[in-house]
Amino acid sequence: MLSLSSKDVKFGTFKSVLTAVLCSLLFNLRTVSGDLSYTVQEEMKHQHVIGNVANDLGLNVLTLSTRKARIDTEDNSKRYVDINLTGDLIIADTIDREKLCGSRQNCILNYELVLENPLELHRISLQIEDINDNAPKFLKERITFEISESVNKGQRYRLDEAHDSDIGQNGVKGYSLERNDHFVLSVQDNNNGRKYAELVLENELDREQQKDIYLILTAFDGGIPQRSGTAGIHIIVLDANDNIPVFSQPVYKITLLENAPLGTEVVTVSASDADEGANGALTYEFSRISDGAAHLFTIDKQTGQIKVSGHLDYEEERYYEIEAQAIDGPGLASTASIIIDIIDINDNEPRIILKALTDLIPENAMVGTEVAIINVQDKDTGDNRQIRCSVQENIPFKLNPSIKNYFSLVTTSLLDREKDADYNITIIATDGGSPPLSSTMIIHLSISDINDNQPVFEQESYITYIVENNKPGISICSVTARDPDWRQNGTVLYSLVPSMVNSVPVSSFLSINTATGVIHAMKSFDYERFRNFKVQVVARDNGSPPLSSNVTVSVYITDENDNSPQILYPSSDGKSFLTEMVPKASSSGSLVSKVIAVDADSGQNAWLSYQILKATDAGLFTIGLHNGEIRALRDITESDSMKQNLIVSVKDNGHPSLSATCSVYLLISDNPAEGPEFKDRTYEESNSKITFYLIIALVSVSTFFLTFIVLIVAIKFCNRRKPRLLFDGAVAIPSAYLPPNYAEVEGAGTLRSSYNYDGYLTTGSRTSDFKFVTSYNDNTFSGTLKKDPEDSNIINLLDSCNSLEVRQKI
Ligand SMILES: *[C@@H]1O[C@H](CO)[C@@H](O)[C@H](O)[C@H]1NC(C)=O
Ligand SMILES: *[C@@H]1O[C@H](CO)[C@@H](O)[C@H](O)[C@H]1NC(C)=O
Ligand SMILES: *[C@@H]1O[C@H](CO)[C@@H](O)[C@H](O)[C@H]1NC(C)=O
């Protein structure tokens, strides 16, 4: 069978007519009811005339309706064509080739033309021609790929085919891809002749640059006009760990105060990693850190924050260089340097170091003597280590700056241990920081003693009084000298300056306790012998050389009433024959006699008073209370007894008072010859022998008295050459018949060389123990003294002049 197909519908009709004719003529003229074949394009409109069946079959158009011409399907399926009254085969319903035939190449619909009366049956085949009414279409509008950025060039990814319902030329002819940087399209034929496309990676991917790539894939057919369909390609670029972490700065420079507290943030290092996920998850750590710094700084693994975790000290380390690294998940790392400069804070107080110390300096050290060397240090820098040094005021020391941070402590004036024996010198060092820090040091300095003070007595001179007849050995006074020096330089030892008192060494009178300065009497003193003396006491310290000073001690011996009055005239031995002649014509008040008495004591003890104890005629005579003058109380008359006898008592004024008595014989007569014959009635009983002795005694006394007067003159004359031989005339030894001078207090004492005494000596030790050394002569005194043969006569005389019972008390 010959069939023609044409794209042109009009020519098609014509051709089909020709074909029908030719077929009828050439092959099967007998098939009157032969087949008609038409070609029509799909999608023709309703009533579109495909061909004229009547003409093609040679049928009379007029009979068509009468013969009930109609089109039937063989299988009663849907009819798309119909025949009209003019015999035209027309489109009755829109034909969709793709629906009817799908992808079959030939799409022929078979119909039958049925005529009745007579029944005729003609086959009509209708070939449906494709038109490009369908565009290529992808199954999925969006194609998604996940491609790692690390994929190499040339990698291919097959794409879904597009589908076009049309066939032949109208089917999918090719693909195209939107221009892009990474992919090209490679179109391939598959084994059933269809085309498919592959994405080919032409340039490598970089997720960090572009992580999503959107492309449009177009499929086009070969129809005219051409139709096309698109699909979106979404390429998700998967990350590969192809980026190392990068720090925000290669070097972090930080300054940090050294007193930064724990937890202070130093810096936060941060790095970035272009990768994502684990590939870009960074952790931080120190990659290089010194041991010292490792204790001071910590880094937060996650945040990169570096904090202070220890005590920073500029003085230990001023500069830290640390390396930190950032590591991503798979382990790519990079590092950055962190340079930390520590800034000094004035946190170190100055240190004072004592380099040398003379801890004991003598008080005579010269001004400017160096006593200590100190060194000051401060670990801070700059102004913080500029140190000023000073010592407190009001001490005789100062600091002299010496070479570089050294100071010497020197004295600024003379020292005096006795004023300040030690010093606590406070050295203050202050640095120049703000606020400044300071520290102090106390140097204890002792001043050593020099024996520069002599002992000084508390008094300029000492006067002491001692009552005579003292017990030997008693202390009479004490002297004290002070010496402020130290120990032996201030230890005072007392001693007497050797001297002579009336040719006797003073040491026989007094002794002094070396240590205490208590002065003891060595013997019993007798005021009547001498009344005062002076002695020098030396106080000497124990230094070397020793210093000393001396003081005068005046010793005054005070009187005790130890002497009773001594009657010089008349002799009071009771055996005196001496009588006083009283003229008969004596009138009242006339002086008839005088009792002369002396008292070796002085003052009140020697103030004598006279009293008539007993008289022959009580009213005839009176005696002067203090002068001892016996006067007539009335005119003497013839009737008065010729012999008058008075007993006179002489009393001193001491307490208790001592007294002596004597008898005075008065002969009232004008004839002296009567005198010797006179015999007192009271003595008439005495034998003539006693009277004779009395006369001898009286004569001797008178003789001696005269001799005595001569001697006094002689001695006075001699005293100019030998003044100490005897006493002064002013003593209570009468040079004339005069009453004693009781007012006398002062005066050079007299010492008898033969004076017995008790001797005591100190042992010389400082313990004040005394030893009784020399013998004590108990039967000290007798009426006579024997020692000095030359003077013995005189002394005997003197003693006999004094009362006989004197001294018994000694
Ligand atoms: C010095 O200090 C010592 C001990 O603190 C103290 O005993 C002494 O009295 C002080 N001396 C002076 C002179 O202040
Ligand atoms: C006493 O003074 C002397 C110098 O005069 C001195 O050498 C000595 O050390 C001093 N003695 C004492 C105990 O201080
Ligand atoms: C006593 O002191 C004086 C001056 O104070 C001095 O001249 C004299 O020599 C001293 N005498 C003795 C014995 O030390």
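Tutor: Ligand 2 is surrounded by D449, I450, N451, W486, R487, Q488 and N489, where a residue counts as near a molecule or strand if one of its heavy atoms lies within 4 Å of it. Keep in mind that this is a predicted model, where local features need pLDDT of at least 70, side-chain atom pairs count only at pLDDT 80 or more, and totals for chains, interfaces and linings use all residues. Residues are numbered from 1 along each chain as its sequence is written, chains are lettered from A and ligands numbered from 1 in the order in which they are written, and side-chain values use heavy atoms, with hydrogens and water left out.

Student: What classes of residue make up the shell around ligand 2?
Tutor: The shell has 2 nonpolar, 3 polar and 2 charged residues. Here Ala, Val, Leu, Ile, Met, Phe, Trp, Tyr, Cys and Pro count as nonpolar, Asp, Glu, Lys and Arg as charged, and the others, Gly among them, as polar.

Student: Which atom of N451 lies 3.0 Å from an oxygen of ligand 2?
Tutor: A backbone N or O atom of N451. As for cover, ligand 2 taken alone exposes 360 Å², and the protein buries 61% of that. Those accessible areas come from the Shrake-Rupley method with a 1.4 Å probe, and for residues only the protein chains shown count as cover.

Student: R487 is in that shell. Where in the chain is R487?
Tutor: R487 sits in the loop between β37 (481-482) and β38 (492-496). Strands here are DSSP runs (E, at least two residues), as are helices (H or I, at least four), and both are numbered from the N terminus. R487 has a relative accessible area of 55%, so it counts as exposed. The scale is: buried under 20%, exposed over 50%, partly exposed in between, with a 1.4 Å probe and protein chains only. Its phi is near 50 degrees, a positive value in a residue other than glycine.

Student: OK, and ligand 1: what surrounds it?
Tutor: D422, N424 and H444. A polar side-chain atom of N424 lies 2.3 Å from an oxygen atom of ligand 1. On its own ligand 1 has 360 Å² of accessible area, and the protein covers 30% of it.

Student: What about phi at N117?
Tutor: Phi of N117 is near 60 degrees, a positive value in a residue other than glycine. Most residues other than glycine have a negative phi, and most peptide bonds are trans. N117 has 66% relative accessibility, so it counts as exposed.

Student: New topic: how many aromatic pairs are there?
Tutor: The structure holds 14. Rings of Phe, Tyr and Trp (its six-membered ring) pair if their centres lie within 6.5 Å; planes under 30 degrees apart are stacked, over 60 edge-to-face and the rest tilted. F397 and Y423 have ring centres 5.1 Å apart and planes at 80 degrees, so that pair is edge-to-face. F397 lies in strand β30 (residues 397-401) and Y423 in strand β32 (residues 422-431), so the pair ties together parts 26 residues apart in sequence.

Student: Are those two buried or exposed?
Tutor: F397 is buried, and so is Y423. F509 and F530 form an edge-to-face pair too, 5.4 Å centre to centre with 65 degrees between the planes. F509, F525, F530 and F533 form one aromatic cluster.

Student: Last one: what lies over the face of Y196?
Tutor: R158, at 3.7 Å from the ring centre. The test is that NZ of Lys or CZ of Arg is within 6 Å of the ring centre and within 35 degrees of the ring normal.

Note on methods. A polar contact is a pair of N or O atoms within 3.5 Å; within protein, one must be able to donate a hydrogen and the other to accept it, and residues adjacent in sequence count only if both atoms are side-chain atoms.
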